[in-house]
Amino acid sequence: MNEKPFAQTAETARNLESLRIETPPVTLREMALDRLRDAIIAGLFNPGQRLVERTLCDQLGVSRSVIREVLRHLETEGLVETAPKQGPIVALIDWRQARQIYDVRIALETTAVADCARNADSRTKAKLKAILQDLDRNSRKNDALTILAATTDFYETIFLSGGHEIAWDIVKRLNSRISRLRVMTLSTTNRTVSGPARMREIFNAIERNDPDAAAAACRAHIEEAARIAQSLLVPVDQPKL
């Protein structure tokens, strides 16, 4: 016996479409993860400071099992490490590690901004310009976390519009450590001014569709940040390499 195939009506299709969850609910674990990540990046916890589960439970108002999950996740991001006889601590930052991060940034970002400049259309340029305007406003407020959010949007737009999705995935995996270094350098004199100014030089080259100038501006921006980080991370009695 041949059965008549089910014919999906337009109304049925609309009803099925309504099942889609466009914005998944944020879980308690995700909220705790975001809060603790932001706190470490912002410097509310010092490098090497012990992260005591009971204290974190009280501070964040969540269970110990949630805290343990969050700490394990932050360890994969390089923000937390386990010290012998101490347990979880805020990961230490040294120049050897920071230099590698800046080297990775130079390799990936200079290529991405060059390709973005080569291919940028009016829509991409308008989006980058709006992000920079937002960054300028937040820089005047000296709000590190909102500066970081705008900076991340700026580079994400550049990488994706330049066709560098895989490279952006790599940057995202390093982003917690990159953000931590950014906050550290932002705390120095005039960096909240010079940083956005350097990014505007990158944008100006993209706006002109000049890939060589964009790559050069990007390299100068990262090398300037690296020099500041080096001065902060290398003890005065050790040579700067």
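Counting cavities of 30 Å³ or more gives two here, where a cavity is a set of points, on a 1 Å grid over the protein atoms alone, at which a 1.4 Å probe fits but cannot get out. This is a predicted model, in which local features need pLDDT of at least 70 and side-chain atom pairs count only at pLDDT 80 or more, while totals for chains, interfaces and linings use all residues. Residues are numbered from 1 along each chain as its sequence is written, and side-chain values use heavy atoms, with hydrogens and water left out.

Let me turn to the second largest cavity, whose volume is about 50 Å³, taken as the space filled by probe spheres set on the grid points, which are joined across faces, edges and corners. Its lining, meaning residues with an atom within 4 Å of a point, includes Glu 109, Tyr 155, Trp 168 and Arg 182. Helix 7 (144–161) and helix 8 (165–186) each supply at least two lining residues, with helix 8 giving the largest share, five; helices here are DSSP runs of H or I, at least four residues, and strands are runs of E, at least two, numbered from the N terminus.

Now the backbone. Most residues other than glycine have a negative phi. Lys 85, however, has a positive phi of about 65 degrees, and sits in the loop between strand 1 (80–83) and strand 2 (87–90). Asn 209 likewise has a positive phi, of about 55 degrees, in the loop between helix 9 (191–207) and helix 10 (211–233).

Is Lys 85 buried or exposed? At 90% relative accessibility, Lys 85 counts as exposed, whereas Asn 209, at 33%, is partly exposed, given that buried means under 20% relative accessible area, exposed over 50%, and partly exposed in between, with a 1.4 Å probe and protein chains only.

Notes
On a 1 Å grid over the protein atoms alone, a cavity is a set of points where a 1.4 Å probe fits but cannot get out, and a pocket is an open set with protein on both sides within 12 Å along at least five of seven lines; lining residues have an atom within 4 Å of a point.
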